[in-house]
Every structure is written in C-alpha cells, then in structure tokens.
Amino acid sequence: LALYLDWAGDYAAALAEHRRALAIPGVSGKWYSGTLSNIAYVARKAASAAAGDAPATRRHRLDDAVTAAGLAADLKERLGDEDELPVALHNLAVSRYCRAALDEAGATRNERLGAAALDVQDGQEAADVEDLAHVRLLP
C-alpha cells in the first residue's frame with residue numbers, strides 16, 4: 001500500500017504506511033532496513049514536491065530522510081548485507097546532499113558537495129569528498 005501511495009503522490013500517507021510496516025513484529029532486519037530506506041526516499045520526495053512550503057518544513061522532511069537513511073545504512077552494515085549496503089549508503093549520501101542543497105540554496109554544485117561532505121563528517125568518523133563527488137544529482 002505504501003508503494004502505491006508513493007506512486008500516487010500521497011507522500012504523507014505513504015510515510016505513515018511505511019512507519020506502520022516498521023511496527024510489524026518478527027520482520028527480518030533486511031526487510032526492516034529496506035523499509036527505512038523507503039522512508040528516506042519518500043521523505044526526500046515529499047520535501048522536493050513541497051517547493052512552495054517554508055524552508056523549515058522542507059528541512060524537517062530532509063532531516064527525517066537523513067535519519068532514516070542513516071539507520072538503514074547502519075543496519076545493513078551490522079547485518080553484513082553487502083549486496084544492498086551500497087544502495088543504502090547512496091540513499092544516505094543523496095539525502096545529505098539534498099539537505100545541503102536546501103541549506104545552501106544559492107551555492108554552486110561544488111559548494112553543496114562540500115557542505116554535504118561536512119555534514120557527513122559531523123555524523124561519522126571520516127568522510128571522503130570523492131565518494132560524494134561521484135553522485136550526480138544537480139547540474
């Protein structure tokens with residue numbers, strides 16, 4: 001249902017359904033981390049679709065995206081899910097980049113990448129700007 005609601009553009013309802021899915025008991029960590037990744041993706045789409053909303057509202061949605069993506073990547077790493085860990089890390093990088101792009105709206109692409117790299121450094125022990133630089137999101 002959450003995927004259909006996302007497809008239909010009802011991001012608030014899609015997020016609610018994804019969060020309900022997290023409450024299902026006995027779900028494997030792999031599926032749980034996948035749902036967290038979906039939450040990050042939908043929250044990022046909701047922020048993008050709400051271009052007319054206040055920046056604080058969009059920032060809150062992107063904060064949710066970064067949090068969910070970070071949890072998903074951490075869980076995939078702890079599970080040893082090497083097949084899907086790169087996807088989760090990419091999702092985290094994209095979420096951080098989008099948040100940096102919002103915060104640095106008048107900045108150049110390289111400045112936004114630098115801001116995203118600083119965001120990564122704030123949240124992790126080390127970051128490599130080259131890892132973020134290969135993610136092509138905005139011209």
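Visitor: Where is Arg 99 found?

Guide: In this predicted model, Arg 99 belongs to helix 5, which covers residues 85-103.

Visitor: Why is Arg 99 called buried?

Guide: The relative accessibility of Arg 99 is 11%. Buried means under 20%, so Arg 99 counts as buried.

Visitor: What makes the link between the side chains of Arg 99 and Asp 63 a polar contact?

Guide: The two side chains are joined at 3.0 Å, and the limit for such a pair of N or O atoms is within 3.5 Å.

Visitor: Why is Lys 76 called buried?

Guide: Lys 76, which has its place in helix 4, has 3% relative accessibility. The cut-off is under 20%, and Lys 76 therefore counts as buried. Leaving aside residues up to four places away in sequence, Lys 76 touches Lys 30, Ser 33, Gly 34, Asp 81, Glu 84, Leu 85 and Ala 88.

Visitor: Why is the pair formed by the rings of Tyr 4 and Trp 7 called tilted?

Guide: The ring centres of Tyr 4 and Trp 7 are 5.6 Å apart, and rings pair if their centres lie within 6.5 Å. The planes stand at 35°; under 30 degrees would count as stacked and over 60 as edge-to-face. The pair is therefore tilted. The structure holds 1 aromatic pair. Both residues lie in helix 1, 3 residues apart, or about one turn of the helix.

Visitor: Is Trp 7 buried or exposed?

Guide: Trp 7 has 68% relative accessibility. Exposed means over 50%, so Trp 7 counts as exposed.

Visitor: What span does helix 3 reach, and what is expected?

Guide: Helix 3 (residues 29-49) has 21 residues and reaches 30 Å from its first C-alpha to its last, close to the expected 30 Å at 1.5 Å a residue. Its buried residues include Ser 33, Ile 39, Ala 40, Val 42 and Arg 44. Among the elements that cover the buried residues of helix 3 are helix 1, helix 2, helix 4 and helix 5.

Visitor: Which residues have the most contacts inside the largest nonpolar core?

Guide: They are Leu 15, Ile 39, Ala 40, Val 42 and Leu 92, in a core of 19 residues. Helix 2, helix 3, helix 4 and helix 5 each supply at least two residues of this core. Leu 15 touches Ile 39, Val 42 and Ala 43, not counting residues up to four places away in sequence.

Visitor: What is the average pLDDT of the protein chain?

Guide: The average is 81, and 76% of the residues score at least 70. Over residues 124-139, however, the pLDDT is below 50. Where pLDDT is low, the predicted coordinates should not be read in detail.

Note on methods
Residues numbered from 1 in each chain as written. Predicted model: local features only at pLDDT ≥ 70, side-chain atom pairs only at ≥ 80, totals over all residues. Heavy atoms only, no water. Helix = DSSP H or I, 4+ residues; strand = E, 2+ residues; numbered from the N terminus. Buried < 20%, exposed > 50% of the residue type's maximum accessible area, 1.4 Å probe, protein only. Polar contact = N/O pair within 3.5 Å; in protein donor to acceptor, adjacent residues only side chain to side chain. Expected span 1.5 Å × (residues − 1). Contact = heavy atoms within 4.5 Å. Core = buried A, V, L, I, M, F, W, Y, C linked by side-chain atoms within 4.5 Å. pLDDT = per-residue confidence, 0-100. Phe/Tyr/Trp six-rings, centres within 6.5 Å; stacked < 30°, edge-to-face > 60°.
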